Amino acid sequence: MRGGRRALASLVLAAGLAALAGCAPLAGGDDARGRYRAAWEHYAGGEYDAALALARAALEADRRAGRAAGVAEGLNLVGTVHYKRGDYTQALPVYEQAAAAAEAAGYAFGLGRTWSSLGSTHYRLGDYPRAQGYYEKSLAVRRRLGDPDEIARALNDLANVALQLGAYGRSLALREEALALWRRTGNTAGVADVLNDLGWVYDELGDYPRALGYLEQSLALSRRLGARWGVADGLDHTGLVLLKQGRARDALGRFRAALELFTALGSKDEQIRALQHAGEALHRLGDLAEAERAYTRAQALAGQILGPEHPTLAKNLNNLGVLYAAQGRPAAAEAALRRALAIDAKVLGEEHPAVAAAAENLAGVLAPRDPPAALALFERARRIHLALGRASGDLDEAAQLGLLRGGAGALGQYAELLATLARGPAARGPAARDAAARAFVVAEQLRGGVAQGALAKAGARAAAGDPATRELARRVEDLRRQRAAARTQLAEAYGAPAAAQRPARLEALGRRARALDAELRTTGARLERALPAYAELVAPEPADPAAVARLLRPGEALASYLVLEARVLVWLVRPDAPLAYREVAVPRAELARRVARVRASLDQRGNAGFEAGRLAPFDVAGAHALWRLLVAPLAPELVGVTHLLVVPDPLLLPLPFGALLTRAGGEPHGRLAALAAAGTPPEDDDLARYARLPWLARDVALTTLPSATALRVLRQGARRPAGPSEPLIGFGDPLLAGTGRERGGAMLAARGAAVAVEDLRQLARLPGTRAELGAVAAALGADPARALFLGERATKATVWALNASGRLGAARVLAFATHGLLAGQVAGLAQPALVLTPPAAPSEEDDGVLAVEDIVRLRLTRTEWVVLSACDTAAADGSGEGLSGLVRAFFFAGAPTLLVSHWSVDDDATRALMTEVFRRFAAAAAAPRAETLRRAMLALMDAAAGPTAYHAHPFAWAAFFLVGEGR
């Protein structure tokens, strides 16, 4: 825990220097003062029993003499010894007595320091809000006293707790203030510390270049100061960032240099760490023999100074097991991994990420020769990842993302193994059918994606805001913090040298961690029962095919896709037939190229002639080839299906399934295929040929779902309440300064520091959205003056006001004709978000974007459609996970159906399609929404002529897709 190390450093520095260097007056007599000095010397040497005895003797002398300030000093020292030993519950009452004594004596310096100590103790116990309160009181005292060094230390303490509470922006601002103070006073050591901490924050945010910049500055200062431990630590940390950047060779040089320094300093704990890191770098570089030597050295050192059941030992065994597997030594790998798994499960508890990782690695080793054992281990790990999602809703997005990414690779391996069993010799037998159904569940869990951290945090906040669940949510949050702190204490207790470990304390800490695990499971289950939507948002139990089948209606089917490295797994679920399972042999990279080619022929961003009105030809051959790969294998099971719900793999989300071609051949297809092959823009008579092609959209209505599990939320929710409604509320054309015709932005994944409002302002203005929303208002019979909020009225403040009054949720159609930022385009923004008019001065309530954590606070009680008409599903990272986050947030808010743009379509085509969709909706509101969209698309295509001839091109009619409830 990075902040924990810094909090401890701040505590020891403040207390130790105050007593030894005379930073504050000691009120005791010469005898007491001498004992305090001797106590601090013993403390600094790690002789805690002797330090405690001397401190207690000096404290007693001060009590007898009535020296209140001396009593405060003595109590602070006694508390600090308990703190250093990890006895936080013993330290707390002593520190509280010290604070009372300092306050009674009017000893401001001691009071500020003791409040800091109380903050650090609560920090270690996981009670971050209480720690924050004490740190703020300490900072206020230190500001009054005016010592810049003490102020800087207090700022750094507050920054640590802000980081743990997920307040990245505040953490960075506090550290920057501390940095400025220490630069002003010339405290180079303090500057180095803060620069190092800034590097940690940006490392956690995934901003590796910036992290490396700060860490390099800190390292340079440590070198200048001759602080050898700081240099060694800086080398090791910069090496880790380099390793994350894929620069294994550069990282290895840093790790070796750090190891040399740690060895010279005699710091064996840090030698183990550097050796492990060096082993990881060597493994990545393919030097398995050298990696083994590094791990073996680390193992030997661990055996000297750590007990036989230490988490560091388990980590090294895990690394060795993976290495042995890569060397083709399965027996050695199995032995190492089994031991690592046993240690982690005992020390860290059954629901710890390290347990899941060890189980997954062991499963990978066992899979070739013992599939049942491997399946059991993969399933054990899958359940751990699911439990972690449920129990970690208060984690910051970066930590949530780390948990999810940590499990994604192994879930993919699990799916691979199940797929192999499903297509085995008895492919139609019960075992194969069971494997196919289990693989469906694994695929569902994989769909949590990048947005999960933001959703989990938003769901926790929404639960806490519900009066019926507020106390339960608060208790769950408290238990999470306490459990995290208990695990930290347990790991630290095992981290003591074997000779210094206290078995009774280890057992007590283990019992407490297990009890907190049990209580958290029980209380979390109560919260899920009280607010089912919370569980569905935070970490939904993946739906199995049988459960999905029960949710489907006659004429419906659900097709689910999971793209693996060499094949695509495809399932078709119907309410009236057994699960159909298919595999398509196609390399992932090849499928990605095919999808990208078809997509590029649709969205026109690469078409230099687009501004002059010349469309690029659509890749009709590629569209048919993708139909053959993705849909044709299911053709026998699709007979009689009129509504197909598609759960695409993120790689497939940018592909509009309605624009796939069910047949090739014939004059229109031949002519248009030739144009595409030559790259020749279609003329008007060619555009008319597009309307005559056999599009999948002509055969079946289509709906997209972020997961099959989402259908449970949509179809098992409460009936929509009766009451007054209005046809439309729309937001569009926010006041932006950019120019250009492109709508939408890249997809985002999680929120970090404050949004850079000036970056928002540079996005392109969207004047065409005024006419688009006007057309929707006309189709629905809405009064534009009342229904539309454009330009300076398209603000987040307006959204909040309408939500508070109930008007927002009373609108049957809620439209956002504005940029959807869905993958890292604006600094400080990492959640999926919709852009509104930026405020003159950003605030916590109005930063110019409506992000996932904002959307879940909306109450869309009567809303039937949400329109997002300036999104772009072609994410920069090749996924659609940002869109999944937006969709699930709107589901949570109460909206069942979203109409979303695939790419930046032109204003006229958007207006024409919106008019067709909502004219039909106004005339037949009970008609299935997917069918309403399908008929609108066909009408647009079939009416294309003259100036609108291009409407027959799928660029125009296939640009929108339905997400959610299509009935």
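Helix α10 passes helix α11 in a left-handed crossing, a crossing being left-handed if the near helix is turned anticlockwise from the far one by less than a right angle, and right-handed if clockwise. Helices here are DSSP runs (H or I, at least four residues), as are strands (E, at least two), and both are numbered from the N terminus. The model is predicted: local features need pLDDT of at least 70 and side-chain atom pairs count only at pLDDT 80 or more, while totals for chains, interfaces and linings use all residues. Residues are numbered from 1 along each chain as its sequence is written, and side-chain values use heavy atoms, with hydrogens and water left out.

Helix α10 spans residues 188-204 and helix α11 residues 208-225; the two pack at an angle of about 160 degrees, with their axes 8 Å apart. Axes are lines fitted to C-alpha atoms, for helices over the stretch in contact, and angles run from 0 to 180 degrees between N-to-C directions. Helices α10 and α11 are therefore roughly antiparallel to each other (angles under 35 degrees count as roughly parallel, over 145 as roughly antiparallel, 65 to 115 as roughly perpendicular and the rest as oblique). Residues in contact (heavy atoms within 4.5 Å) include Leu-195, Leu-198 and Tyr-202 in α10 and Tyr-214, Leu-215 and Leu-221 in α11. The contact of α10 with α11 divides into 12 nonpolar, 6 polar and 3 charged residues; Ala, Val, Leu, Ile, Met, Phe, Trp, Tyr, Cys and Pro count as nonpolar, Asp, Glu, Lys and Arg as charged, and the others, Gly among them, as polar.

Helix α6 (residues 108-124) and helix α7 (residues 128-145) also pack at an angle of about 160 degrees, their axes lying 8 Å apart. This makes α6 roughly antiparallel to α7, and α6 passes α7 in a left-handed crossing. Among the contacting residues are Phe-109, Trp-115 and Tyr-123 of α6, and Tyr-134, Tyr-135 and Val-141 of α7. The residues of this contact comprise 11 nonpolar, 6 polar and 4 charged.

Val-620 belongs to helix α28 (residues 620-630). This residue is buried, with a relative accessible area of 0% (buried means under 20%, exposed over 50%, partly exposed in between; 1.4 Å probe, protein chains only). Residues touched by Val-620 include His-669, Leu-672 and Tyr-690.

An open sheet of 3 strands has the order β9-β10-β11, with antiparallel pairing.

Note on methods: Pairing = 2+ DSSP bridges. Lists of a residue's contacts leave out its neighbours within four places in sequence.
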